[in-house]
Amino acid sequence: MEQVSSRRGEHLIRLIGNTPLIPLFFPEVNRRIWCKCEFLNPSGSIKDRLARTIILDAEQNGLLNEQSIILECTSGNTGISFAMLGAARGYKVAIVMSERASQERRMIIKGFGADLILFDQAGYQHGIERTREMAEADARYFLPRQFENPLNALDHEHETGLEFLRDCPHEIDAFVSGYGTGGTLAGCSRALKGANARTQIYAMEPAEAAMLSGEEACCHWIEGIAGGFVPPLIRGIELDGKIKVPSQKAMEMTKRLNSEFGLLVGTSSGANVTAALEVACNLGPNSNVVTILCDRAERYFSTRLFSA
Ligand SMILES: Cc1ncc(COP(=O)(O)O)c(C=O)c1O
């Protein structure tokens, strides 16, 4: 008979990670790229990995108890992941997010039973300040601090990055990723460069907010990335290049992924694929470029991705 797990949410936790790596072929440029299906994580995004690792670490270090409230500022996906795991593990969760985040993301977070605290200013900095003030005033709050927590990048170094190496049947020539907190870009690049110094690392950023390229951040429509500042986790990473993707191009590629490839993913996935194809075109027809399909598109039904 199967052993009944003594910990709440254990089976859900085991569904996180180990996502498939699939090849996508683009005949018009005769290039194939490899895409990691992070949208298949149980809450629908790559952020399940970070939420799992931070919660398990906090439990091990005695930082979470029955009274704890997990409090995070997020554009949505991290909030959804913490809300899901909080529900499964038995913790209260409060999410601070911009009023501009889509209604669907708010509904998913509420559906998991978490509280939502909305702010009206643009950019993450305001929300992060708010969580700090709340935590100073009330000891029940536990702050995962996704933007500065080293576990964020470490998790991608020890898991996501190693999964690329395990699952790609060829030597990886390049890795391409956008950045929100920068955890994915920092962690995966450390794993891939560490395994093979020849693997090139490219940061994708919206053309309208190319901050790594020294430009001013302006409005863009690539959800979940480039929040108006260069995150501390990616300072010091050795990049082989930066690829600027206009929001319009990211949307067009996302729609192609949805309707030509049957992958109902969000705009940052379209942006990553656009950038990865550009790198593959530069590297040659037999190159192996890997990238990430970050999240599912259901959370964007009310955004311009589905209204155009
Ligand atoms: C949809 C989406 N794509 C990409 C990212 C970037 O991931 P990271 O925070 O690891 O840089 C995020 C992060 O919030 C996201 O929500």
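Of the 20 residues around the ligand, Gly180, Thr184, Gly224, Ser268 and Cys294 come nearest; a residue counts as near if its C-beta atom, placed from the backbone, lies within 6 Å. The largest share, 3 residues, is that of α7. Helices are DSSP runs of H or I with at least four residues, strands are E runs of at least two, and both are numbered from the N terminus.

The model is predicted: local features need pLDDT of at least 70, side-chain atom pairs count only at pLDDT 80 or more, and totals for chains, interfaces and linings use all residues. Numbering starts from 1 along each chain as its sequence is written.

Why does the ligand lie between two domains? Domain 1 (10–45 + 149–307) and domain 2 (47–142) both give residues to the shell, so the ligand lies between them. The domain bounds come from an automatic or database assignment.

Now the sheet. Its 4 strands form an open sheet in the order β5-β4-β3-β6, with parallel pairing. Strands pair if DSSP finds at least two bridges between them. At the edges stand β5 (115–119) and β6 (141–142), each pairing on one side only. Strands β3 (69–73) and β4 (92–98) run parallel, joined by 5 bridges. Here Ile69 stands opposite Lys92 in β4.

Helix α3 packs on the sheet, touching β3 and β4, and its direction makes about 170 degrees with that of β4. Contact means C-beta atoms, placed from the backbone, within 7 Å. Axes are lines fitted to C-alpha atoms, for helices over the stretch in contact, and angles run from 0 to 180 degrees between N-to-C directions. Helix α5 (125–137) lies across β3, β4, β5 and β6, at about 155 degrees to β3.

Conventions. Two residues are in contact if their C-beta atoms, placed from the backbone, lie within 7 Å.
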